[in-house]
Amino acid sequence: MNTELITQVAAFIWQEADMLDHGEYAQWLESWTADGLYIVPIDPEQTDFANTLNYAYDNAEMREKRVARLGSGESISTSPVPRTVRDVSRFRVLANDGTNVSVRCAQNLREFRKDVLKHYTADVSFELVRSGTSFLIHRKVVRLINSTDTLQGIGYIL
Amino acid sequence: MTNKTDAQQALTLGDRVQADRVHTSLYTDPAIFEQEMDKVFSSTWVWVAHASEIPEAGSYKNTYIGLQPVIVVRDRKQKVHVLLNRCRHRAATVCEGKKGKTNSFVCPYHGWSYSLDGALRGVPHPESYADQLEKGELGLVSLRVEEYAGMIFATMKNDIEPLVDYLGPAKKWMDLFMKQGGGYPIKVAGEHRFRFPGNWKIQLENTTDAYHFPLVHKSFLSSVDKQTEEMLDFVTGSGYVEDLGNGHSVMVMIPQLVDLEENLDAPIPARFAELADELRAEKYSEEEVRRIVRAVGGSGFNLNIFPNIACSMAFFRVLQPVAVNETEIHHAVITMDGGPQAANQARLRLHEHFQGPMGFGTPDDSEAWERVQKGASSGKDLWIMLNRGLAGEKPTPDGRVSDVSAETGMRAAYQQWKKLMTA
């Protein structure tokens, strides 16, 4: 087992998680390749995300718009801003060709907003591309374990 | 000991719906909710599916009429049945899962099995019944089903008017809405499901509420191009709301997008220029390109069909009451069945942009509705004001019309509610 690689990808993914929990969106937007996709599917078995309905299917333009909306103060569902803390663990490297690394991990997120504490558990897949001493995200797919259930508004980035 | 005030007790159900207002208890009183399940949802036509959701023999969908679980299923002869999802033996549901395909329905508890039309086919170990089990009378309860423009409705009442009479002038708007197939049949290709802690009528009202759009959806409007933002600036525009009778109404927000087969020569909006080029590269004719591109953005109106379905610009809005203060909503995405992949991808992305728990629109609607329910628990003797646009309301051949942000559609729905609840 390549524990050095797991340490490297874990450090990168933890950093991303920390950025999202602390609203460091400008830096988060720079963590992506130009053609990167952020996807939150509905169907847990789905792989053809482009041709199916998702909760989110964001290219660079949509990620920027999502971030702008979260910080705009124009949206009553995100003011007050929800507070989140997420734990990411159970990292497993699925593929590594020296440049591209596929990683799967578990994410447990707690959200608090307006008297309500919510919990979202997800299986998260990353396709990372080496960039200098770190990585860029080429694809992030967040599969909520209750994605087929009725959800309420998620006013942040999973 | 009752917790109702004297003023509330003095009001009959009929008193609680006035020409220009409704009583707050319509949102908050569990006893009224219970009556609605019977007098509204079990007494009128209720939408259960679009035909594309059950495309083949054996395709089924599970849904509800009011609080009663039902199965919508297509049998081997392509006939659609709506069956109460309840084994006639000891009541267990015989079908689970949102959608699927099956040859029969078998109760998991004792193995009673039913065919796709609901007939009881067999029971395990029948000898204990000594040949006295009336199988012909113990089929799944089958409801009256009628269909218009691919929209399947069912009713628990056998003596009400035919569906086409119930829909009345709403039919022509349904026909117009289906033109967003762009020359292809319409297909439901998934849905966003969400719940909000509030009464179902709060959502019903919202479908013909243009007034909230620029305020609640400011963050969405900030995320679209200038041309789209101007198109969606309809509150001061020439649109209108029309009462179509039987609680149905239409809100025309963008009059130039009422008929998607008209004005095909109009310039293609900037946001669809890339899609048009992609279709041209795929050898679609200029006329096809224009028809498809014009259809991609959806219709310029919301048609509210009482009590639970709306044809809303580019999607179907399905309303499912859960409790007096809990409602489930489905926003079903519509694609062009067999249409160009690029156009369907555009429709999917447009839907994701506004709808769903991570959309730029729905969560803000949901927050507003939640706050209506919360506020409605204060001042229980107060009224919900629905008098906007009343002064300018005029009769039309189909009903009554007023300006685009008039509460005419809501008044129409509440008059139908009153008719059913006091019948």
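In the predicted model described here, helix α3 (residues 30-41) of chain B packs against helix α14 (residues 408-421) of chain B at an angle of about 95 degrees, and their axes lie 9 Å apart. Axes are lines fitted to C-alpha atoms, for helices over the stretch in contact, and angles run from 0 to 180 degrees between N-to-C directions. The angle makes α3(B) roughly perpendicular to α14(B), a term that covers 65 to 115 degrees, whereas angles under 35 degrees count as roughly parallel, those over 145 as roughly antiparallel and the rest as oblique. On the side of α3(B) the contact is made by B:Gln35, B:Lys39 and B:Val40, and on the side of α14(B) by B:Trp417, B:Leu420 and B:Met421; two residues are in contact if their C-beta atoms, placed from the backbone, lie within 7 Å. By class, this contact of α3(B) with α14(B) has four nonpolar, one polar and one charged residues, where Ala, Val, Leu, Ile, Met, Phe, Trp, Tyr, Cys and Pro count as nonpolar, Asp, Glu, Lys and Arg as charged, and the others, Gly among them, as polar.

Residues are numbered from 1 along each chain as its sequence is written, while chains are lettered from A and ligands numbered from 1 in the order in which they are written. Because this is a predicted model, local features need pLDDT of at least 70 and side-chain atom pairs count only at pLDDT 80 or more, whereas totals for chains, interfaces and linings use all residues.

Chain B has 14 helices and 21 strands; helices (H or I, at least four residues) and strands (E, at least two) are DSSP runs, numbered from the N terminus. The radius of gyration of chain B is 23 Å, close to the 22 Å that the globule rule gives for 423 residues, so chain B is as compact as a globular protein of that length. This radius is taken over C-alpha atoms, and the rule is 2.2 Å times the number of residues to the power 0.38. Of the 423 residues of chain B, 48% count as buried, which requires 20 or more other C-beta atoms within 10 Å of a residue's own, whereas 12 or fewer make a residue exposed and values in between partly exposed, with C-beta atoms placed from the backbone.

In helix α10 (residues 273-281) of chain B, the residues B:Leu275, B:Ala276 and B:Leu279 are buried. They cover an arc of only 100 degrees around the axis, which puts them on the same side of α10(B); the arc is that of the directions from the helix axis to the C-beta atoms. The face turned away from this buried side carries the exposed residues B:Ala273, B:Glu274 and B:Ala281, while the cover over the buried residues includes α11 (286-296) and α12 of chain B.

Chain A comprises three helices and six strands, arranged from the N terminus as α-α-β-β-α-β-β-β-β. Buried residues make up 32% of its 158 residues. One residue of strand β5 (residues 116-131) of chain A is A:Glu127, which counts as buried with 20 C-beta neighbours inside 10 Å. Leaving aside neighbours within four places in sequence, A:Glu127 is in contact with A:Asn100, A:Ser102, A:His138 and A:Arg139.
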